[in-house]
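Subject: Handing over the two-chain model

Hi there,

Here is the structure I promised to pass on to you. Please open it alongside this email.

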Amino acid sequence: MPLFRPKEYFRVATVGEAVSLLKRFGGAAAILAGGTDLLVAKPPHVEYIVDISRLPLNYIKKGARGVRIGALATLNDIAASPELREEPYDVIARSTWDMGTPLTKNFATIGGNICNAAPSADMPPSLIALDAEARIIGPRGKRRVLLEDFFVGPKKSVLKRGELLAEIFVPRAPANTKAVFLKKGRTSEDIAQVNVAVRLTVDDGLCKAARIVLGAVAPTPIRAKAAERMLEGKGLKEISQIMVDVARKAAEETKPISDVRAPAEYRRSVAEVLTKRALLNLMERFGGA
Amino acid sequence: MVGKGQKMIRVTLNVNGRDYVVEVKPHWTLLHVLRDQLGLTGVKYGCGTGECGACTVLIDGKPMTSCLVLAASADGRKIVTIEGIADKGKLHPIQEAFIEAGAIQCGYCTPGMILTAKALLEKNPNPTEEEVRRAIDGNLCRCTGYVKIVKAILEAAKKMKA
């Protein structure tokens with residue numbers, strides 16, 4: 001059996017250096033940030049390790065336009081960040097709670113959680129629900145992609161040869177926006193059987209915008225857009241009445257598979273339950289239930 | 001031959017206050033180097049996938065599973081292992097508390113458990129039982145059922161304040 005025996009290790013001091021190595025080595029290179037996925041997977045095809053862990057990308061900053069989270073921010077940094085206490089950004093911190101152990105969260109990074117593109121990853125649903133964008137740096141300069149469009153399939157993202165995720169930008173949310181993240185796994189450390197983030201923006205008693213984002217029920221995290229449309233424009237009282245139907249619709253929009261963690265039918269059913277609970281939670285917090 | 005054509009990397013690991021200059025292969029973990037190059041066998045190999053905490057060391061003050069850290073990337077970091085916390089032969093108060101509370105059975109989890117406790121008590125000298133249990137969430141013990149470990153850490157907190 002081939003083993004994980006990279007030929008060479010590079011520690012880069014600048015993003016430009018990282019980009020040029022990644023471009024040169026392509027698929028034979030692996031990015032090392034926290035390493036909590038790479039050193040579990042130990043992929044035998046990796047010939048070059050590009051260690052980006054010393055790049056100045058470990059920050060969480062809140063400005064007038066939104067929150068910027070550097071790709072190297074660790075999950076524990078995110079959990080403890082004062083910038084992520086306020087609604088609705090608190091949902092980002094909340095998403096780290098049921099992931100891994102406190103030890104691995106000291107070095108597992110948000111960039112790694114996103115770029116590994118596991119359909120079950122816990123960070124993407126909340127970030128997608130808040131319309132976050134991925135800020136990418138590559139051989140041709142910078143580009144931005146909505147995180148919703150970042151994932152292409154299991155372990156596949158839009159990142160091209162030489163490109164690096166540098167930052168997640170979460171635009172400032174409109175007033176009266178709240179979000180919730182719920183996860184069902186076999187244990188609190190295990191990856192999700194299903195996870196969901198729901199975000200509602202309410203204005204004058206009416207739902208102005210809704211996001212229902214589900215993970216581990218399709219090849220990528222998905223928005224349940226038909227279910228979202230059932231919420232938009234509705235009053236809080238009406239939402240309370242149609243919650244069950246909205247959750248059922250969201251579950252219909254999933255395309256789960258059966259694997260070692262859960263059968264497809266179970267996943268679909270849990271997707272419905274979690275969506276309903278998430279809506280219930282938001283209705284209580286908006287005072288509409 | 002395994003590892004043929006691999007380029008060695010020269011790193012300086014600051015372990016327990018002392019600098020060690022070592023040549024490492026790109027895939028060597030910090031755990032491997034601590035045990036097999038530096039002879040610090042207090043750090044244990046458990047699962048190799050960051051789930052059990054037996055290989056916990058402190059890196060720049062934070063507890064991390066050294067099985068998931070490449071030795072090359074630990075270059076220049078301050079690393080503390082269980083061998084480094086006694087003071088000139090006098091056990092650290094957490095080590096004493098573990099012995100007094102009978103918080104050790106087979107002992108395999110103990111080094112990692114104590115280092116995680118040390119990081120916790122440095123950050124939070126007065127933890128609740130709940131906070132202790134949360135902190136050691138990533139350190140598995142298959143002997144004790146955790147009751148005595150939690151008790152030892154709470155006792156150590158008292159000792160260290162006194």
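Below is a short tour of what was found.

First, some housekeeping. This is a predicted model, in which local features need pLDDT of at least 70 and side-chain atom pairs count only at pLDDT 80 or more, while totals for chains, interfaces and linings use all residues. Residues are numbered from 1 along each chain as its sequence is written, and chains are lettered from A and ligands numbered from 1 in the order in which they are written.

Let's start with chain A. Its domain assignment gives domain 1 (8–51), domain 2 (60–171) and domain 3 (177–286); such bounds come from an automatic or database domain assignment. The C-alpha centres of domain 1 and domain 2 of chain A are 19 Å apart. Their contact draws on 11 residues from domain 1 of chain A and 16 residues from domain 2 of chain A (two residues are in contact if their C-beta atoms, placed from the backbone, lie within 7 Å). On the domain 1 side, 5 of the residues are nonpolar, 4 polar and 2 charged (Ala, Val, Leu, Ile, Met, Phe, Trp, Tyr, Cys and Pro count as nonpolar, Asp, Glu, Lys and Arg as charged, and the others, Gly among them, as polar).

Now for the strands of chain A. Helices (H or I, at least four residues) and strands (E, at least two) are DSSP runs, numbered from the N terminus, and two strands pair if DSSP finds at least two bridges between them. Strand β3 (residues 48–51) of chain A pairs in the parallel sense with strand β1 (residues 8–11) of chain A, over 4 bridges. Strand β2 (residues 29–32) of chain A also runs parallel to β3(A), joined by 4 bridges. A:Val50 in β3(A) is the bridge partner of A:Phe10, and A:Ile31 stands opposite A:Val50 too.

Over in chain B, 5 strands form an open sheet of mixed pairing, in the order β2-β1-β5-β3-β4. Strands β2 (18–24) and β4 (62–65) of chain B stand at the edges with a single partner strand each, so one side of each has no neighbour in the sheet. Within this sheet, β1 (residues 9–15) and β5 (residues 78–80) of chain B pair in the parallel sense over 2 bridges, and B:Asn14 stands opposite B:Lys78 in β5(B).

Finally, how do the chains meet? In all, 23 residues of chain A are in contact with 28 residues of chain B. On the chain A side, β1(A) gives the most, with 3 residues.

Enjoy exploring!
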